[in-house]
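Student: I would like to learn how to read helix packing and ring pairs in a structure. Could you walk me through it?

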Amino acid sequence: MRVKDQEEQLTSLPTYWFPTQTWSMRVGAGGMNNTTRFVDVEGTSYVLRLYETHRDMDKIRFEHGVLLALDKEKDKLPFRIPVPVELPSGETVVRLEAKEGKLAALFTYTDGCNPTWGNTDQLLHFGEAVGQLSSALAAIFMDINPVYPPYYEIEHIHPRCTPDAIHEFCLHPSEPFWQQHDELSYIFGRFAAFYKAIPELRKLPHQLVHGDINGSNMLIDADGLITAVLDFEFVTLDVRVMELAVCLSDLIDPAIPAEELRRNCRAFYEGYRQTVYLEEEEIALLPLLIELRRLDVFIHFLGRYLDGVDAQGVLVDIIHNTFEKTKWLQMNGSELLLTLLK
C-alpha cells in the first residue's frame with residue numbers, strides 16, 4: 001500500500017468506533033513497532049495504534065484479552081494501563097484492508113511523559129511498579145494460548161534467525177562484519193552457554209509477563225510519579241523472573257561507574273521485591289536471563305538487517321552493545337547478585 005493511501009485509511013479509522021460522534025486526529029510519536037495517532041472525541045482523548053510488525057489477529061486478541069482482564073483489577077494497581085476500546089460489534093481490532101491488511105486498535109489515553117531514571121528514589125518506584133504489575137499478571141489465567149513464545153525459545157524470535165543461521169553469522173561473518181568478528185565470536189559463546197541452561201529455565205515458575213518494561217513504555221506526571229505502563233504487545237507466558245531480568249538489563253550500562261550501576265540495580269530490586277518473592281533457583285539464573293534479554297535484542301536486529309529494514313551500522317551498534325553487556329555480566333554477574341541480595 002502506498003504511504004498516501006495508508007494515511008488516508010488511517011485518518012478514517014476512528015469512524016469505526018465513533019460513527020455518530022465528532023472527532024479529530026493529531027499525530028503522535030510512534031515506536032519501532034507501530035504507528036500512533038491521538039484521537040480526540042468530544043473532550044476525551046484516545047490512542048490509535050496501527051500495528052506495523054505483524055498482521056496476526058490472534059496475537060492482538062491475546063494482548064487485548066490480558067489488558068481487559070487487568071482492567072477488571074485496576075483498583076489493585078496505582079497506575080493505569082491502556083484499555084482497548086470496543087467497536088459497536090464488540091470486537092477491538094479493525095483491519096485496514098480485507099484479508100492481509102494491517103491491523104489497528106484504539107486505546108484509552110493517559111497523560112504524561114516518558115521518565116528518565118535520575119536517582120535511586122525514582123528507581124525504587126520503578127521497581128515497585130514492575131512488581132505490582134507482575135503480581136497482577138500472575139493472577140490472570142487466559143483461556144486462549146499466547147502466540148509469542150517465551151524468551152528462552154529464541155529459535156522463534158525471527159524466522160530467518162535459526163540457531164544454525166546465528167552460528168553461521170557469528171562464527172563466519174560476511175565481509176561487512178569482518179571487523180566485528182571477535183565480538184561476534186564472543187556473543188556466540190554466550191548463546192552456547194544459554195542453550196545448555198534451557199532445561200533448567202523450563203523448570204522455573206511461569207506466569208504472564210509484559211516482557212518489555214522500560215522508560216519508553218511508561219509515563220510519569222509532573223511530580224515524577226508513575227501514571228501508566230504501556231505497550232503490552234509482547235505479553236506472553238514466560239518465566240516469572242524474566243520481567244525482572246528485562247528491567248535490569250536496561251539498567252546495566254557498562255559506561256556507568258560500577259558503584260553507581262550496582263546502586264541503581266539495588267534500588268530497583270528493593271522496590272520490586274516488595275510485592276514479588278522469588279525462589280533461590282530463579283535468582284541464581286538471573287545473570288543468564290539478563291544476558292538472554294541482550295541476546296534477544298541482537299537476534300531481533302539481526303532479523304531486521306536480514307529483512308533489509310535496518311542498515312549495517314544499526315546492527316554494528318547492536319553487536320557492540322551486546323558484546324559489552326554480556327561481557328560485563330560475565331565479569332560482574334556474581335557480584336551483582338550479592339548486591340541485590342545483601
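Tutor: Happy to! Let's begin with terms: helices (H or I, at least four residues) and strands (E, at least two) are DSSP runs, numbered from the N terminus. Axes are lines fitted to C-alpha atoms, for helices over the stretch in contact, and angles run from 0 to 180 degrees between N-to-C directions. This is a predicted model, where local features need pLDDT of at least 70 and side-chain atom pairs count only at pLDDT 80 or more, while totals for chains, interfaces and linings use all residues. Residues are numbered from 1 along each chain as its sequence is written, and side-chain values use heavy atoms, with hydrogens and water left out.

Student: How are two packed helices described?

Tutor: Two packed helices are described by the angle between their axes and the distance between the axes. Here, helix α7 (residues 242-251) and helix α10 (residues 286-306) have axes that come within 8 Å and cross at roughly 65°. That makes α7 roughly perpendicular to α10 (under 35 degrees counts as roughly parallel, over 145 as roughly antiparallel, 65 to 115 as roughly perpendicular and the rest as oblique).

Student: Which residues make the contact between α7 and α10?

Tutor: Contact means heavy atoms within 4.5 Å. From α7 come Met-242, Leu-244, Ala-245, Val-246, Leu-248, Ser-249 and Asp-250, and from α10 come Leu-286, Leu-289, Ile-290, Leu-292, Arg-293 and Arg-294.

Student: What about the aromatic rings?

Tutor: Rings of Phe, Tyr and Trp (its six-membered ring) pair if their centres lie within 6.5 Å; planes under 30 degrees apart count as stacked, over 60 as edge-to-face and the rest as tilted. The structure holds 14 aromatic pairs. In one of them, Phe-268 and Tyr-272 are stacked, at 6.4 Å centre to centre with 15° between the planes. Both residues lie in helix α8 (residues 258-272), 4 residues apart, about one turn of the helix.

Student: Is Phe-268 buried or exposed?

Tutor: Buried means under 20% relative accessible area, exposed over 50%, partly exposed in between (1.4 Å probe, protein chains only). Phe-268 is buried, at 0%, and Tyr-272 is buried with a value of 0%. Tyr-272 also forms a stacked pair with Tyr-269, 6.3 Å centre to centre and 25° between the planes. Tyr-269 is buried too, at 5%.

Student: What does Arg-262 contact?

Tutor: Arg-262 sits in helix α8 and counts as buried at 15% relative accessibility. Leaving aside neighbours within four places in sequence, Arg-262 is in contact with Glu-335 and Thr-339.
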